[in-house]
Each structure stands twice: as structure tokens, then as C-alpha cells.
Amino acid sequence: MQPTNTRNPDYYHKVVDCQWGCPAHTNVPEYIRLIADGKYTESYMLNRESNVFPGILGRTCDRPCEPVCRRTRIEDEPVAICRLKRVAADLRGDIDHLLPKAAETKNGKRIALIGSGPASLTVANDLLPLGYECVIFEALPKAGGLMRSNIPSFRLPVGVLEEEIDMILHMGVEIHYDHRIESLKELLDTGGFDSVFVGTGAPKGKELDIPGRQEADANVHIGIDWLESIHFGHIDSVGERVLVIGVGNTAMDCCRSSRRLGGNDIKVMARKSRPYFKASPWELDDAEGEEIEILVNHSPQKFVVEGGRLMGMVFDLVEWEGNEKGRLVSKKLGEKFIEADDVILAIGQDNAFPWIEKDIGIEFGDWDMPVVDRATFMTTLEGVFVGGDAAWGPENIIWAVEHGHQAAISIHQYCQGESVNDRPPQGMNLVSTKMGLHEWRYSNDYDANLRTEMRYEDLEARLADMFVEAELGFDLKETVREVERCLNCDIQTDFTANLCIECDACIDVCPTHCLTMTHNGEEDEVRQRLTAVAENTEQALFASEALPQTARIMFKDEDLCVHCGLCAERCPTAAWDMMQFDLLNPYAGQEPWPTTAATASTTSA
Amino acid sequence: MSYITKPSARHPRLPSNAVGLTVRDYEGSMSTLCAGCGHDSVTAALVQAFFELDIEPHRVAKLSGIGCSSKTPAYFVSEAHGFNSVHGRMPAIAAGANAANRDLLYVGISGDGDSLSIGLGQFCHAIRRNVNMLYVLENNGVYGLTKGQFSASADIGTTSKRGEVNEQEPIDPVNLALSLGATFVARSFSGDKAQLVPILKAGLAHNGFAFVDVISPCVTFNDHEGSTKSYAYTRDNMHEVIETDFVPLRAEIKTDYADGSVQAITMHDGSVVKLRKVTEQYDPNDRSGVVDYLSETRSRGEIATGLLFLEAAGADMHGFQGTVDQPLVDIPYETLCPGSAALDQLQAEWR
Ligand SMILES: Cc1cc2nc3c(=O)[nH]c(=O)nc-3n(C[C@H](O)[C@H](O)[C@H](O)COP(=O)(O)OP(=O)(O)OC[C@H]3O[C@@H](n4cnc5c(N)ncnc54)[C@H](O)[C@@H]3O)c2cc1C
Ligand SMILES: Cc1ncc(C[n+]2csc(CCOP(=O)(O)OP(=O)(O)O)c2C)c(N)n1
Ligand code: SF4
Ligand code: SF4
Ligand code: SF4
Ligand SMILES: [Mg+2]
């Protein structure tokens with residue numbers, strides 16, 4: 001193996017599993033340490049830098065960071081990263097003076113943002129301080145996109161939502177409500193914009209074309225439209241018996257909303273079995289905790305309507321088997337009628353671009369979607385960018401935010417006459433955390449506590465009112481307990497080969513058998529002859545330069561390091577140091593970070 | 001000294017041995033020795049050896065005297081029995097304990113000061129008695145605990161950290177052990193676990209006094225240039241004479257070396273120690289040949305390592321004394337001490 005280049009930001013970034021897993025590369029361990037220090041405002045602002053909506057995301061994020069958390073490889077459950085984010089948002093102080101401000105002097109460029117979801121809002125957040133004029137067109141009477149219209153208030157209180165949207169709007173966005181863009185051509189021709197960002201989401205709920213659908217129409221609802229109607233007060237009740245078709249996150253919001261609108265016999269109907277459910281595990285738990293039944297292997301066959309009234313639905317009872325091509329095929333075992341007063345369809349969302357003319361230079365590809373560059377977010381028409389769910393179909397808020405950041409970089413470069421393809425690099429800082437002989441600037445003592453459980457509002461009170469937030473959040477005691485579970489993966493074990501005297505101390509002390517000194521070889525083969533076989537090839541294997549006394553190599557399997565710092569504490573020569581790695585994300589209009597420099601590094605000599 | 005305890009987090013795929021324990025179950029408390037001390041590596045080698053031999057912790061008794069080396073029993077097999085004696089007196093305690101309960105596995109850990117300076121007499125008699133134990137001498141050439149004075153194993157010409165030169169003849173514990181009839185004599189290096197672990201395992205299996213002299217650098221007081229017990233010096237000058245492989249009883253012996261370069265020695269418990277000569281003409285069963293060979297290598301400035309001498313058969317302390325097979329502790333007190341009537345009767349027989 002070649003010696004690992006730890007000065008490439010990707011190397012240490014990947015060790016910070018949560019940050020690597022977060023689409024916006026939120027500096028999770030640092031914000032958790034700030035919470036541990038009681039610095040909620042600082043923690044909130046650190047979050048906001050990358051993910052823009054800490055209060056919203058602290059309740060609703062899809063949490064791609066949690067399943068990849070290092071803790072899941074040491075024990076079962078990840079650090080409650082998301083819920084700690086909410087703690088920072090709930091307990092922060094006044095931040096008005098810390099928020100970015102629109103530039104006083106404008107740069108003369110006008111940007112149109114179509115839709116006011118998280119993607120467009122992020123673009124505005126990043127461009128306003130640079131002097132751009134941002135004009136949002138929103139079809140609905142309020143801003144926020146699906147965060148507002150679809151995520152129910154019992155998961156995301158309106159106050160939290162509006163506060164964070166307003167932080168951006170109040171910077172000086174020009175927003176036109178109830179203004180649906182019906183023709184992109186017209187906007188381009190007559191709007192006088194230097195660039196256009198399409199952040200219109202995936203606004204069309206999928207239909208279920210089975211017999212009886214038309215006849216039953218009065219009591220069959222498209223999930224995302226139905227949730228939107230609830231939000232805007234057009235719907236405030238539902239029948240007692242409700243069937244929700246589909247078992248994704250939308251279905252979870254539909255069934256839980258039904259429970260609050262008067263439904264008391266709610267069934268979520270899944271075509272497949274539990275391992276195939278699209279909903280996040282915690283949403284399934286929350287739904288079941290509200291006495292909602294989830295039925296598996298029920299495939300909708302028809303709606304049953306009598307005398308113009310919906311009576312219920314017939315389902316095929318099925319069983320699934322893999323065929324030769326490895327695809328799952330169903331086998332019908334029987335059928336079953338289930339009574340219902342209302343049926344809610346939550347089987348997916350589609351994009352819809354009837355308002356983008358086909359002859360204006362925007363190429364369309366598969367599924368009638370515009371062709372969008374994965375790195376620049378530009379369409380084939382220069383100056384027109386697409387991000388969020390509109391780009392490649394439904395994702396989630398944090399992806400929409402990251403798309404927004406990247407699109408803002410592109411729009412800025414485009415408007416400044418630079419190539420959108422020159423992506424600004426990430427940078428890094430690396431600073432020793434050494435404070436004394438065996439003292440570090442972080443809490444390196446391993447805490448074996450299991451994940452802190454969330455407490456919920458009393459069931460009856462919760463179901464009685466759509467606006468009562470279900471999760472209570474962590475109190476101080478729970479917060480103090482949970483922050484200690486974080487393994488500080490950003491505090492890196494940084495190695496200086498020429499200091500090592502090959503005493504074995506680090507290898508002997510490592511609690512998780514990460515370290516080995518042995519002769520070099522090919523990575524696959526080296527992985528087999530380490531102190532513990534390094535099976536997880538997703539995780540990097542560090543290789544040092546040749547060691548001074550024996551020319552062996554120090555290898556470190558990054559997989560299970562708990563960042564306890566004991567290798568550095570037991571090293572007589574400080575060949576190992578515990579260094580805080582700070583990933584420097586590029587944002588629009590910023591001076592580029594140094595590419596490979598380990599700035600402010602204090603590698604001990 | 002580290003302030004935190006070693007994380008309870010473990011590698012999730014750590015193998016278990018025949019008694020259901022992982023290697024981490026053989027650890028002790030966190031070391032308070034200097035970071036980088038060779039003694040900690042010897043500790044880690046012992047942990048590995050106990051794990052690989054499937055030893056039940058409660059069958060082990062750890063004994064030591066005084067010194068940094070003598071502190072190390074605290075850092076392995078925390079579930080074992082232990083006794084920390086007066087400086088240099090561990091051999092007597094070990095002999096006494098072994099006399100009372102011959103069923104335990106005795107592991108004595110000592111230093112060059114503990115065994116060769118203050119405790120030299122004790123050390124010699126434990127060898128003569130062939131007390132059944134593993135005796136590890138963590139040899140760093142200095143009194144580490146009292147801040148680095150030369151010990152009796154300091155070589156002529158080696159310098160202290162402040163630059164003084166040692167002019168007194170050293171005691172070579174390997175030589176001493178051979179001359180006193182030791183039946184298992186080895187030398188190794190804390191920085192070479194591949195060599196040390198099989199030697200420790202063989203020593204634990206040996207019936208009798210198994211002596212292992214481990215060069216174990218004192219990183220704080222004796223790891224400088226000019227020292228003959230530093231990491232760098234030891235690495236440059238050590239010369240492996242014999243490669244040791246330990247084959248436990250239940251494992252099948254696979255290789256047969258037709259060329260005669262490997263000698264398989266069956267131990268008291270049925271396990272096999274395989275010795276592969278690295279050096280032609282070296283015979284680990286020929287006591288006087290080994291002594292000659294070692295004096296030759298020493299004059300060349302080489303540190304000969306490996307399981308240097310082994311005589312698996314022969315009587316240990318209990319054999320010499322003709323004691324009963326049953327450990328004395330298991331014999332009811334009335335039987336061990338039948339009372340004054342029985343004494344009277346005995347004396348009557350002699351009148
Ligand atoms: C029920 C439900 C629950 C969800 N829960 C979560 C969750 O808990 N966590 C999470 O991370 N994600 C969740 N999501 C997904 C998440 O809300 C979306 O991925 C995210 O909002 C996409 O952001 P966006 O900016 O791309 O577009 P959107 O949020 O979809 O916003 C698009 C906006 O554009 C407007 N618009 C559309 N067409 C036009 C037009 N022609 N002219 C003008 N305006 C137009 C729309 O009215 C809308 O306001 C959920 C989605 C649904 C449906
Ligand atoms: C009777 C007695 N005399 C002297 C001492 C002081 N003393 C403590 S440790 C030590 C030397 C230990 O040297 P060594 O056995 O080589 O152990 P190391 O610390 O080098 O591992 C001495 C002289 C003592 N504790 N007791
Ligand atoms: S331990 Fe902390 S920093 Fe590491 S992956 Fe988990 S949450 Fe992220
Ligand atoms: S910080 Fe060092 S000792 Fe601790 S787990 Fe990681 S490699 Fe092992
Ligand atoms: S503890 Fe330090 S000097 Fe010793 S082997 Fe490890 S890195 Fe090298
Ligand atoms: Mg000593």
C-alpha cells in the first residue's frame with residue numbers, strides 16, 4: 001500500500017461517518033460538543049451554516065447520518081443526532097445579529113426562484129448576501145413547499161417552520177404568492193432574469209387505477225393533496241374507518257393525521273412485508289404507537305361502491321417470491337374485503353413539468369424529466385438550474401438543501417461569467433486537541449449508555465389536537481446523557497511515522513484492536529493479517545510511511561476506532577496525536593479553501 | 001498515566017476461546033506505567049498467551065515483588081489470584097503457595113533489580129528447587145521505579161541517561177539459570193510478540209521452573225543512545241537462535257521436518273513445543289553447549305534469543321519432596337494435622 005494521504009480532506013471526512021453520510025456535510029460531532037458545553041446558540045449556527053433549517057430538520061430530517069453512525073458498529077443504536085439538533089434549536093438564544101444579511105449594495109443580477117421549498121430557500125439564503133436580487137414565485141399562499149403543506153403540525157409546529165423560513169424571507173426576498181408559473185418560456189422572455197432556479201418539487205401524487213376508482217371518488221383522496229388541504233384548513237374531518245394505501249413516509253403522515261381528524265379504525269395497507277417498507281423505522285414506530293394497524297401482503301384489487309357510497313376495498317392476499325431474474329413476484333393466495341369510509345392513496349409522487357416548453361432548449365430525458373447535470377444542477381439551457389425534488393424525483397429536505405447550496409454556487413459562477421464546471425474544492429483544518437499530558441479538548445472517556453428514548457405527549461392529548469407536537473424533545477438530563485454517546489469521530493488519530501519507536505504501546509492499549517505494525521502488502525491481503533481482520537472494506541485502512549527502526553508499516557483500520565485517544569495517551573513520543581478535523585465546505589461566493597493544506601496543524605515534533 | 005479506563009467497547013467479532021472468553025477478558029486494570037514501557041507489551045503478550053491457552057482465570061496465581069515490573073500483575077487477568085510481596089521475595093512466596101496448592105498456575109513477574117540485585121538469593125533457590133511456575137524477568141538494566149539507577153544486569157559500557165558509564169560486570173540471568181540447573185530457559189524481547197507469546201505459552205505448559213528473561217526497555221530512563229537495553233539497540237543486536245512454536249494438546253501436529261532442523265518436545269501436559277534451529281549446530285538440550293554458545297555470542301555483542309534450553313522431563317519441587325498428588329489445601333485439616341495423639345504415637349515409634 002502507498003502511505004495514506006491524510007491531508008486530502010476526503011480521508012478524515014470519511015472517518016466522520018455522520019458528516020460523510022449527511023448530504024450537506026453537517027459537522028455533527030462539533031455541534032454535539034457545543035451542546036455538551038451548553039453553547040446552544042453556537043451549535044445552532046454551526047448547523048445552520050450547512051443545513052439551513054436546524055429547527056425543522058431537528059424534528060423531521062430523514063437522518064441519513066444515523067444509520068451510518070460509528071456507534072451502530074460498536075453497539076446497535078446510533079447517537080440520537082437528529083434529536084440533539086432539536087435541542088440546540090429549542091434552547092438557543094437570540095440569533096438575529098448572527099444571521100447572514102443581504103448585501104447593502106446589489107450586484108445588479110436578478111434570479112427567479114420557482115417554488116418556495118427548501119431548495120429555493122437555500123439558494124436565496126446563499127445568494128442574497130452576495131448582492132443578488134432573489135424573486136420567488138410560489139403557487140400556494142404560503143412559503144415552505146412540502147415542509148409546510150405536507151409535514152403535519154404534530155411533527156413540525158408551524159411556529160418552528162415559519163421562524164426558519166422567515167429568517168430567509170426577511171433578508172429581503174421578493175416573493176409572489178398564489179403565483180403559479182405556467183410558462184417557463186414566458187418567464188425567460190419577459191421576466192428580465194439573469195438566471196432561473198426551478199425548485200418546484202414533485203407535486204403530483206400517484207393514482208391507483210383499479211375498478212371502482214371513479215365511482216368512489218368522493219371518498220378517495222390523494223395523500224399529498226389531502227395533507228395540503230388539512231394544512232390550509234379545507235379539510236378538518238375524516239370517516240371513522242380509514243384505509244391508507246402505501247407504507248412510505250407520506251402514508252405515515254396520512255394515517256397519523258386521520259387519527260387526529262376523527263378516525264379510530266385506521267389501517268395502513270402494504271403490498272409487501274416489513275423489510276420492504278419505505279417509511280423510516282421511527283415513523284412506523286410512531287404510527288403503531290398511535291394504535292394504527294399495518295397490514296402486510298395486501299394488494300389493492302378494487303373499490304367497492306354501493307348506492308354511490310364507498311363501502312370498502314377488496315384486496316388480493318399475496319405472497320412474494322424471487323424469480324429467476326432476482327425480482328420479487330407475487331402469488332395470489334386469496335382475497336379479502338375490508339370496510340372503509342375513506343381511502344387515502346399514498347403510493348408515491350411524480351414530477352410534472354407541463355409548464356416547461358419542449359422547444360426552449362431544455363432537453364428532456366427518461367420519464368419526461370429535464371436532463372440536469374449531477375454536479376452543477378444546470379439544464380441543457382445555460383442559466384436554468386433545477387434542484388430539490390424537481391431534479392431527480394422525491395428525496396428529502398436535507399438533499400434539497402444541499403442541492404440549493406450547489407446550485408447557488410453554480411448560479412453565482414454563471415452570473416460572474418465563470419465556468420459552472422469549476423467546482424470549488426473542500427478544505428480542511430487540523431488542530432491538536434492536546435491540553436496536558438493526558439488531557440484533551442474533548443471528552444474521550446467512552447460512555448457505554450444505550451440510546452436515550454424519546455418521550456411523547458400523552459396519547460389522548462396528542463390525538464385530540466393536530467397542533468400538539470407529539471415528541472417532547474430531550475430535557476437537560478437526557479441531553480447530558482445523549483451527548484456523551486457521541487464518539488467524536490472528527491477527533492482524528494493522526495500519525496507521524498518518524499516519531500515512532502515501535503514500542504507496541506498503542507497496539508496493546510487499543511480497546512477495539514484497530515492498530516497493527518506489520519510489513520507492507522496489497523490492501524486486500526494486509527486486511528487479512530491485522531490484529532483483527534479488517535472485514536469492513538467500506539471503511540478505510542490507514543497505512544503509514546515506513547517506520548524508522550524496522551521499516552514496518554503502521555496500519556489503522558478506521559472501522560471500529562472509538563476515538564478514545566488511548567493510543568495517543570500511551571504513545572511515549574506523541575507519534576499519535578488526537579487532532580480535530582474541521583471540514584471546510586465551499587459556499588457560493590466564498591474565497592476558495594486551500595485544497596490540501598492542513599492549516600494550523602500542530603503535528604508535534 | 002491515563003485518567004480514563006479502557007473503553008468497554010470491543011471489536012464485535014472478537015473470537016472466543018474454549019472457555020468462552022475473549023482476549024479482552026484476560027486484561028487487568030489500566031496500566032500506570034510510563035507510556036511506551038516495555039513491561040506493558042510483556043503484559044499484552046501474557047494476555048494473549050492466557051487467552052490462547054484457554055486458561056480459566058481463577059486457576060491462575062500472579063506473584064511479584066517490587067518495581068515497575070512487579071506492578072504489572074495488576075494489568076492482566078484481573079480475575080486471578082495475586083500476591084505482591086516484599087522487594088525480591090516473590091520466589092519464596094511462590095514456593096510456599098505452590099507447596100500448599102500445586103494445582104494453580106503460578107506466574108511470577110519480576111525485574112532485574114528485584115531478581116538480580118536485592119532478590120538474587122531467592123531467585124537462585126527457586127531455580128534449584130525447580131518450583132513449578134512461569135518466571136518472567138522484565139529486564140531493563142535499571143531500577144525503573146526508583147528513577148533509573150543501574151541494576152545488576154547493566155552491561156559494561158552502557159551509559160545512564162545522564163551519561164555515567166557502568167563499569168561493573170553484569171549478572172546474566174540466563175547464564176545463571178543454566179548454571180543452577182533450570183529446566184526451561186528463554187530470552188526474548190518485549191517488542192517481538194511473535195517470538196514472546198509462544199515462549200510464554202510453552203513456559204506455562206512446562207512442569208518446573210520456566211524462566212523467561214525478557215529485554216523490556218525502560219522508555220523513560222534507559223532508552224537513549226548509549227544504552228544497551230534500548231528498543232533500537234535490542235533490535236539491532238538481537239539474534240534469534242531458536243524459533244519456538246507451541247502446539248496445544250488438542251491441536252494436531254501437522255508438519256514434520258525431515259531435515260532434522262525441528263525438534264518436537266512433548267510437554268508434561270501433552271502439548272508439544274517445536275523448536276526450529278535458526279543456527280546450525282545449536283542444540284537446546286545440551287546444557288554446557290548452550291552455555292558455551294551464549295558466552296561466544298555475548299562476546300560478539302549479540303543478544304541470543306529464543307527458547308534457549310529445554311529439558312521437559314524431570315522432577316519439580318513436589319517431585320523432590322515426594323509430596324502427595326492432592327493439593328495440600330484440599331486435604332482436610334484433621335488429616336494434615338492429625339493432632340498431638342498422632343504425634344505422640346509417631347515419636348513413640350522412634351524411641
Ligand atoms: C407527506 C410528506 C412528508 C414528508 N416528510 C418529510 C420529512 O419528515 N423529512 C424530510 O426530510 N422530507 C420529508 N418529505 C419530503 C420533503 O418535504 C421534500 O423532499 C422537500 O420538501 C423537497 O423540497 P423542494 O424544495 O425540492 O420542493 P417542495 O418542498 O416540494 O416545494 C416545491 C414548491 O414549489 C411550488 N410549485 C410547484 N410548481 C410550481 C409552479 N409551477 N409555480 C410556482 N410554484 C410551484 C409548490 O407549491 C411548492 O411549494 C415529505 C414529503 C411528503 C410528501
Ligand atoms: C527492601 C527494599 N529496598 C529497596 C526498595 C526500593 N526499590 C523499589 S523498586 C527498586 C528497584 C526495582 O528495579 P527492578 O526490579 O529492575 O524493576 P523495574 O522498576 O526496573 O521494572 C528498588 C531498589 C524497596 N522498595 N524495598
Ligand atoms: S459517534 Fe458522533 S460523530 Fe461519530 S458517527 Fe456517531 S454521531 Fe457521528
Ligand atoms: S483512539 Fe486509538 S486507542 Fe482509541 S480506539 Fe481509536 S485507535 Fe484505538
Ligand atoms: S505507542 Fe507511539 S511509539 Fe509506540 S508503537 Fe505506538 S506509535 Fe509507535
Ligand atoms: Mg529494572
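The model is predicted, so local features need pLDDT of at least 70 and side-chain atom pairs pLDDT 80 or more, while totals for chains, interfaces and linings use all residues. Residues are numbered from 1 along each chain as its sequence is written, chains are lettered from A and ligands numbered from 1 in the order in which they are written, and side-chain values use heavy atoms, without hydrogens and water.

**View 1. Interface of chain A and chain B.** Contact (heavy atoms within 4.5 Å) joins 34 residues of chain A to 32 residues of chain B. The two chains bury about 2,600 Å² between them, with 56% of it on carbon and sulfur atoms; this is the accessible area (1.4 Å probe) lost on being put together, summed over both. Five salt bridges cross the interface (a side-chain nitrogen of Lys or Arg within 4 Å of a carboxyl oxygen of Asp or Glu). K193(B) forms a salt bridge with D508(A), with 2.7 Å between the closest N and O atoms. On the side of chain A that touches chain B, α7 (71–74), α20 (505–509) and α22 (566–570) each supply at least two residues; helices (H or I, at least four residues) and strands (E, at least two) are DSSP runs, numbered from the N terminus. That side of chain A has 17 nonpolar, six polar and eleven charged residues, where Ala, Val, Leu, Ile, Met, Phe, Trp, Tyr, Cys and Pro count as nonpolar, Asp, Glu, Lys and Arg as charged, and the others, Gly among them, as polar.

View 2. Strand β10 (residues 298–306) pairs with strand β11 (residues 309–322) in the antiparallel sense over eight bridges; pairing requires at least two DSSP bridges between the strands. V305(A) has L310(A) as its bridge partner in β11(A), and V304(A) stands opposite G312(A). The hairpin of β10(A) and β11(A) has two residues between the strands, and G307(A) takes a positive phi near 55°. β11(A) also pairs in the antiparallel sense with strand β12 (residues 328–339), over eleven bridges. The partner of L317(A) in β12(A) is G334(A). Five residues lie between β11(A) and β12(A) in their hairpin, where G326(A) in the turn has a positive phi of about 80°.

View 3. D316(A) and K332(A) form a salt bridge, their closest N and O atoms 3.2 Å apart. D316(A) is in strand β11 and K332(A) in strand β12, 16 residues apart. Over all chains, the structure holds 63 salt bridges.

**View 4. Surroundings of ligand 2.** Ligand 2 is surrounded by 17 residues (a heavy atom within 4 Å of the molecule). The closest are S69(B), D112(B), G113(B), D114(B) and G144(B). An N or O atom in the side chain of S69(B) is 2.8 Å from an oxygen atom of ligand 2. A polar backbone atom of G113(B) is 2.8 Å from a ligand oxygen, and a polar side-chain atom of N140(B) lies 3.0 Å from one.

**View 5. Shells of ligand 3 and ligand 4.** Residues around ligand 3 include C18(A), C69(A), R70(A), C486(A) and C489(A). By class, this shell has eight nonpolar, no polar and one charged residues. Around ligand 4, the residues include C510(A), C514(A), K556(A), C561(A), H563(A), C564(A) and C567(A). The shell of ligand 4 has seven nonpolar, four polar and one charged residues.

Notes
A polar contact is a pair of N or O atoms within 3.5 Å; within protein, one must be able to donate a hydrogen and the other to accept it, and residues adjacent in sequence count only if both atoms are side-chain atoms.
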